[in-house]
Amino acid sequence: MQDVEQQLKQYFGYDTFLPGQREVIEQVLSGRDAFALMPTGAGKSLIYQFSGLLLPGITIVISPLIALMQDQVDRLQANGIAATFINSSLSSGERQQRERAIREGRVKLVYVAPERLLTQTFLSFLDEIQEYVGLALLAIDEAHCVSEWGHDFRPEYRQLGRLRVRYPHVPAMALTATATERVRDDILAQLRLNDPYIHVASFNRPNLYYEVRQKHQGSYRELLQLLREQNDSPIIIYCQSRKSVDTLTDDLCRDGIRALPYHAGLSAEERTQNQDSFIHDNVSVLVATIAFGMGIAKPDVRAVIHYDMPKSLEGYYQESGRAGRDSQPAQCILFFQYGDRVKFEFIVAQKEDATEQLKARQQIQHVVNYSEGIGCRRRALLAYFGETLEGENCGNCDNCIRPMIFEDRTIDAQKFLSCVSRTNQRFGMKYIIDILRGANTQKIRQLGHDQLTTYGIGKDVSAEEWGRLCRALLQQGLLSESQDGYPVLKLNRLSMEILRRQREVEVAAPIERPKQDSLSP
Ligand code: ADP
Ligand code: ZN
């Protein structure tokens, strides 16, 4: 293996492999299919670039992002490696010239977008390559795009399995930074990997501190304070919509923070400019929508703040993972408001496909569970990716640093459950809360629910607080919710035990986050 290390030095200038790289490369060089699940920054690109370089023939790299293709090819060429890309940005003259170079075997690595790859013309071109020069390897980057259960499904990726059938003897490898177990299985099946070597790296990022704050009217002040305490270190703030990005950027600038916006509503030029200003430290804060930011590679981001709720935990892991790439301490702070879910519901309801709707709701539910969770955040995040965190306490998240205080809420829980029971388990959370709080609505009067003994018995507790209790009951499995269409609360065995006074209910108290001590982990 002496050789390989020399070649690593020669082509890429590195002395050693990063963890996992060598193992996967060796397997691929031996002709075996492979699957690598490694966090962003772990060095996945080098795996297929280096393998492709050493294998005889041409390696096809399938990558969904045209901007990243250009970037990678530029860097490879700068290292003297014969790489090129073919995509819709090329003139036909330029494309033909590149295709000629490929056919003549003057290129080792060819980057191509999946939609082009599966056109008849390109497939015939691949046949020619196979015949004259030989295909060395099919490398599928961002392989989670294959799965409808992932966060970035691309229908074209679904078709990539066809390639495998067409070239059964060409080894294939899939790489991704995000995949739950379900997505992982989907990738292996869809891409028809054959007895692949599987490498799964740890997703733990010990230098990242995780915290969730309740979002409320004063959150903007809190955010401002956070930014000021960070003293101009680079920070990314994520918002849900372009509009909220623009508003927040304006507000921050008015308050003396050097911030720039980043979203799809800006021209490509503006986006590049703003990104460059951020990368070169001309501004300290970049306010971005979730859809964008894919290309931002800045190692010293000291905090990633989600000012709105993310759509999925996978997305959250990815986005928050842009903090602390330099392995120095950095913060990941999520401002959570259960009400944000309502905004999502609007988007979810517009999806036509029922499976899509279900998937989106489940993904949001995972975010809610994470945010309202009372255990270690790191453990919860890693568990989502099927990874178990060793030990009791990570010591670097809000819940571990400052454990929650629990309150006995048995009486309130009994009131709530009894109201669910008396309305025959046919309603959702909001309606039950209306009855408990004695709301004077037409629906309640029409159904005669103002005559129930539970009507108005919960006036002393705010609607928000009832909601928190209900969600805690659901989370602790003390109450169930049917999910066919409209969510309806259902009593289960444990709910009955509470009603019969055989079980007590403890719920984490809403605590004011400490202003200072949570900031420096
Ligand atoms: P990923 O695709 O997994 O997100 P990249 O391939 O972009 O990661 O690599 C992340 C960084 O690590 C890049 O800057 C790359 O140049 C660097 N890198 C890759 N392999 C090595 C290595 N063996 N030694 C040092 N740095 C490496
Ligand atoms: Zn923890």
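The legends below accompany several close-up views of a predicted protein model.

Residues are numbered from 1 along each chain as its sequence is written, while chains are lettered from A and ligands numbered from 1 in the order in which they are written. Since this is a predicted model, local features need pLDDT of at least 70 and side-chain atom pairs count only at pLDDT 80 or more, whereas totals for chains, interfaces and linings use all residues.

**View 1. The whole protein and the confidence of its prediction.**
The mean pLDDT of the protein is 89, with 95% of its residues at 70 or more; pLDDT is the predictor's confidence in each residue, from 0 to 100. The protein has 23 helices and 17 strands, which are DSSP runs numbered from the N terminus (helices H or I, at least four residues; strands E, at least two). Over residues 513–521 the pLDDT stays under 50, and the model has twelve contacts for them beyond four places in sequence, a contact being two residues whose C-beta atoms, placed from the backbone, lie within 7 Å. The C-alpha trace spans about 85 × 50 × 45 Å along its principal axes. The radius of gyration is 26 Å, which agrees with the value near 24 Å that a compact globule of 521 residues would have; this radius is taken over C-alpha atoms, and the globule rule is 2.2 Å times the number of residues to the power 0.38. Buried residues make up 38% of the 521 residues, where buried means that 20 or more other C-beta atoms lie within 10 Å of the residue's own, exposed that 12 or fewer do, and partly exposed in between, with C-beta atoms placed from the backbone.

**View 2**
Seven strands form an open, parallel sheet in the order β3-β4-β2-β5-β6-β1-β7, and its edge strands, β3 (83–86) and β7 (197–200), each pair on one side only. The twist averages 15 degrees from one strand to the next. Two strands are said to pair if DSSP finds at least two bridges between them, and strand β1 (residues 34–37) pairs with β7 in the parallel sense over four bridges. Within that pairing, L37 has V200 of β7 as its bridge partner. Helix α3 (residues 44–54) packs on the sheet, where it touches β1, β2 (58–62), β4 (109–112), β5 (135–140) and β6 (172–176), and its direction makes about 170 degrees with that of β5. Such axes are lines fitted to C-alpha atoms, for helices over the stretch in contact, and angles run from 0 to 180 degrees between N-to-C directions.

**View 3. The sheet of six strands.**
Six strands form a second open sheet with parallel pairing, in the order β8-β13-β12-β9-β11-β10; the edge strands β8 (208–214) and β10 (259–262) each pair on one side only. The twist here averages 20 degrees from one strand to the next. Seven bridges join β8 to strand β13 (residues 330–336), and the two run parallel, with L208 having A330 in β13 as its bridge partner. Helix α13 (residues 268–279) lies across β10 and β11 (285–289), running at about 140 degrees to β10.

**View 4. Strand β12 and its two neighbours.**
In a regular strand the side chains alternate between the two faces of the sheet. Both faces of β12 are covered, for A303 and I305 on one side and V304 and H306 on the other are all buried. Strand β9 (residues 235–239) pairs with β12 in the parallel sense over four bridges, and I237 stands opposite I305 in β12. β12 also pairs with β13, again in the parallel sense over four bridges, and here H306 stands opposite L334 in β13.

**View 5. The loop between α10 and β7.**
Most residues other than glycine have a negative phi. R192, in the loop between α10 (181–190) and β7, has a positive phi near 55 degrees, and R192 is partly exposed because 16 other C-beta atoms lie within 10 Å. D195 is placed in the loop between α10 and β7 and has a positive phi near 40 degrees; D195 is exposed, with 7 other C-beta atoms within 10 Å.
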